[in-house]
Amino acid sequence: MLIKTTRFGEMEIEQSQIINFPQGLPGFGDKKGFIPIEYKKGSPFKFLQSLEEPDLAFVIMDPFKIFNDYELDITEQDKERLEIDKPEDVNVYVIATIGQGGTSLTVNLQAPLVFNIAKSLGKQVILHQSPYPTRYPLETKATGAGTK
Amino acid sequence: MLILTRKLNESIVIGDDIKITVLEIGDGSVRIGFDAPRDVEIFREEVYKEIREENKLAAEASKDIEALEKFFGK
């Protein structure tokens, strides 16, 4: 199917690439369909593009690439909501916020995106007992590769 | 906004499925218990608000292609 996007123009996508967010995301409760887009091969960053709103996309990345002891506890409720059968089906991403003019980058470790790729379901999970910040700063490319 | 006054251990019912109980009244704060179905999510307001605002910021920031290029690398 063809979708319209602001950043990438019109794109041909497969139904199987779509991740459904039945609850949307906080602040975007009515946006239920997203598709991950690899922006550049080998980059740890991807875009999560809204199907319903061409202008809406998030920069996301795999938190375990920057933070190898990142831990999250998925509640029973969320396991049910996401219909998770096996841990291998789970992918975790965090949303990145780029600061003014690209001078800073932070990732939201407190509310990761949890995908069940086997069922194409997704949810932004707000960690309750979390020591993690909403804005965890990564180093910019100017000072060195972003690692903890 | 509906405003009710409750004493210690008294409750409030919302709809058919949600019950809120005053468990402890302290100095400047109150401990509140929630009974709700598993599919109802409950958050401290400031936490939910923070996530919501951060999402909006992130979405807006992702439109700055130049800034993105710096981080996506060449």
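Reader: What makes B:Leu8, B:Ile25, B:Val30, B:Ile32, B:Phe34 and B:Ile42 a nonpolar surface patch?

Author: In this predicted model, these six side chains form a patch of about 520 Å². A patch takes residues with over 30% relative accessible area (Shrake-Rupley method, 1.4 Å probe, only the protein chains shown counting as cover) and no salt bridge, and joins nonpolar side chains (Val, Leu, Ile, Met, Phe, Trp, Tyr) within 5 Å; therefore the group is called a nonpolar patch.

Reader: Which strand gives the largest share of the nonpolar patch?

Author: Strand E3 (residues 30-35) of chain B, with three residues; strands are DSSP runs of E, at least two residues, and helices are runs of H or I, at least four, numbered from the N terminus. B:Leu8 lies in the segment before strand E1 (11-14) of chain B.

Reader: Why is the pair B:Glu41 and A:Lys123 called a salt bridge?

Author: The N to O distance is 2.8 Å, and the rule asks for a side-chain nitrogen of Lys or Arg within 4 Å of a carboxyl oxygen of Asp or Glu, so the pair qualifies. The rule finds five salt bridges across the interface of chain B and chain A.

Reader: Which helices of chain B supply at least two residues each to the side that touches chain A?

Author: Helix H1 (45-61) and helix H2 (65-72). H1(B) gives the largest share, twelve residues.

Reader: How are the values set up?

Author: Residues are numbered from 1 along each chain as its sequence is written, and chains are lettered from A and ligands numbered from 1 in the order written. Local features need pLDDT of at least 70 and side-chain atom pairs 80 or more, while totals for chains, interfaces and linings use all residues, and side-chain values use heavy atoms, without hydrogens and water.

Technical notes: Patches are made of residues with over 30% relative accessible area and no salt bridge: like charges are joined within 9 Å, nonpolar side chains (Val, Leu, Ile, Met, Phe, Trp, Tyr) within 5 Å.
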